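The sequence and structure come first, followed by the description.

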Amino acid sequence: MNFQGSRRRGEDGIAMVIDFLLSNARLVLGVGGAAMLGIATLAVKRLIERAGRAADDEKVEQKMAESWEELSLVSASPTLIKKGIEGVVMKHVAKAARQQKADLCQQPQTSPPEVVPKVESKSKRLQLCVLTLQERLQQYYHTRAALAPGEIQRAQSLALDICTEIQGFLHSRLPDMPLGEMNLGGSLLDDLQLEASLWRLVPGEETLLTHPLHWMVRRVNLEYFPRGRSYWDRYLVGGYLSAEAVVNMFSKAVMETINWPSISSTLDCLVRPVLGGPDLKLEIRPLDEFGAESGDEPLFISMLPLLREGDVVLSAQTELTSPWVNAWHLSLYPWENQRLSQLDTADGGRRRQTLKILKAVCRLNPALRPLEAAPLSNLILHLSDGESDWSESSLHARFQQCIMELIGYLENGALHSYFKPAVNLLSGLSEDQVDQMGFMLYCAVTEPEILLI
């Protein structure tokens with residue numbers, strides 16, 4: 001929207017604001033949202049015209065209220081217009097209206113409007129304790145993103161103890177089950193040992209599902225080794241090892257059978273299974289000196305059945321592969337984590353620190369919560385291909401760059417996996433979630449500190 005003809009001082013500024021919002025509307029809202037924003041700016045234009053003709057503050061405020069009522073009648077407008085852009089435009093409109101009123105009434109004694117933003121800016125700096133963005137990021141990392149060494153040690157110790165108890169129980173109750181040694185990772189892992197001559201891991205692209213992350217495990221050589229030769233034959237569905245059947249077996253054999261009160265007394269903490277969900281999760285709550293539950297935060301541990309073959313790791317995560325009962329999820333976490341570690345080790349970078357900050361920001365910000373760890377890890381991996389400076393002193397620059405990159409990925413509707421480009425890590429987001437995240441990140445371009453509150 002371009003205003004033609006003469007402009008009053010102040011009106012020129014708000015016109016630039018509207019032009020800027022329209023030119024960048026598709027960046028935040030997409031095509032449909034830009035159309036709605038165009039409708040919204042018609043109401044804003046009427047607001048400016050009314051404000052320019054008003055002779056006193058009361059009339060200005062009354063006309064502004066009427067115009068925003070018109071704006072609120074645009075029922076198809078996205079939530080972010082009503083909650084976000086309305087506030088941004090309203091602030092600039094109010095400033096322009098004050099300037100116009102001063103010009104029309106010719107009152108030189110009126111305080112210059114430029115004083116207002118200076119006061120606001122000073123107030124913001126005071127609220128941020130006069131910290132630079134670099135200092136704010138470091139503070140946020142140590143207080144919100146990173147765990148204290150004592151907490152990490154406690155969690156690892158409890159996980160190892162529970163791991164030992166579960167593995168001992170399985171070996172005694174199901175001695176013929178071929179299990180590898182349990183180990184700690186992102187989750188409590190349990191490797192399933194398959195006979196190499198009896199099973200073949202089928203890449204997702206080669207299956208009927210054609211999904212690069214949905215692999216299948218086919219039973220082979222049945223003519224020489226009939227069903228029953230392998231322990232895992234009992235979990236076959238249609239000639240394939242069923243991830244759902246394996247999870248159900250572990251749920252009954254471990255979650256519903258182990259004597260958890262006995263383990264709780266041994267470990268001096270309350271251990272109980274979290275039933276009703278698709279994953280195998282345990283809740284651990286610390287006990288006080290009297291044996292009652294303390295007020296400390298609980299610890300959650302997930303037991304994740306895995307299949308390994310070389311560098312391929314398949315996990316039984318039915319919540320990710322549903323409704324396909326035979327599909328196993330290809331875990332890219334080991335590859336992503338290894339690549340980030342290699343890059344940081346090679347140049348002393350802070351990629352993993354940046355990732356932890358981004359994960360904490362998204363976890364604690366309702367608008368960004370749908371962004372999980374995988375998209376953020378791949379964001380940094382992609383960015384590392386073109387950006388070599390990940391030193392501690394450049395943390396603020398990389399953080400702001402991540403914001404800009406995320407806006408671009410949301411606008412395109414795709415963030416491709418670093419190791420599996422056919423996988424779009426943003427495909428599970430709804431249009432409303434993209435709108436909300438886009439607007440929040442768009443505001444953070446000029447004020448990144450709003451993500452660190």
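Among contacts in the protein chain between residues at least 6 apart in sequence, 59% join residues at least 24 apart. The model is predicted. Its protein chain contains 15 helices and 11 strands. Of the 453 residues, 44% count as buried. The accessible surface comes to about 23900 Å², and carbon and sulfur atoms account for 53% of that area.

**Nonpolar cores**

The largest nonpolar core has 52 residues, and the members that touch the most other members are I166, W232, F250, V254 and W328. Helix 8 (residues 243-255) supplies the largest share of this core, eight residues.

| Core | Size | Members, among them |
|---|---|---|
| Largest | 52 residues | I166, W232, F250, V254, W328 |

Which residues is F250 in contact with, leaving aside its neighbours within four places in sequence? They are L170, M177, L179, D190, L192, M255, L280, M303 and P305.

**Residue Q353**

Q353 is part of helix 12, which spans residues 351-364. Is Q353 buried or exposed? Its relative accessible area is 10%, and the cut-off for buried is under 20%, so Q353 is buried. Not counting residues up to four places away in sequence, Q353 touches Q138, Y141 and L395.

Note on methods
Residues numbered from 1 in each chain as written. Predicted model: local features only at pLDDT ≥ 70, side-chain atom pairs only at ≥ 80, totals over all residues. Heavy atoms only, no water. Helix = DSSP H or I, 4+ residues; strand = E, 2+ residues; numbered from the N terminus. Buried < 20%, exposed > 50% of the residue type's maximum accessible area, 1.4 Å probe, protein only. Contact = heavy atoms within 4.5 Å. Areas by Shrake-Rupley, 256 points an atom, 1.4 Å probe, with all protein chains shown as cover. Core = buried A, V, L, I, M, F, W, Y, C linked by side-chain atoms within 4.5 Å.
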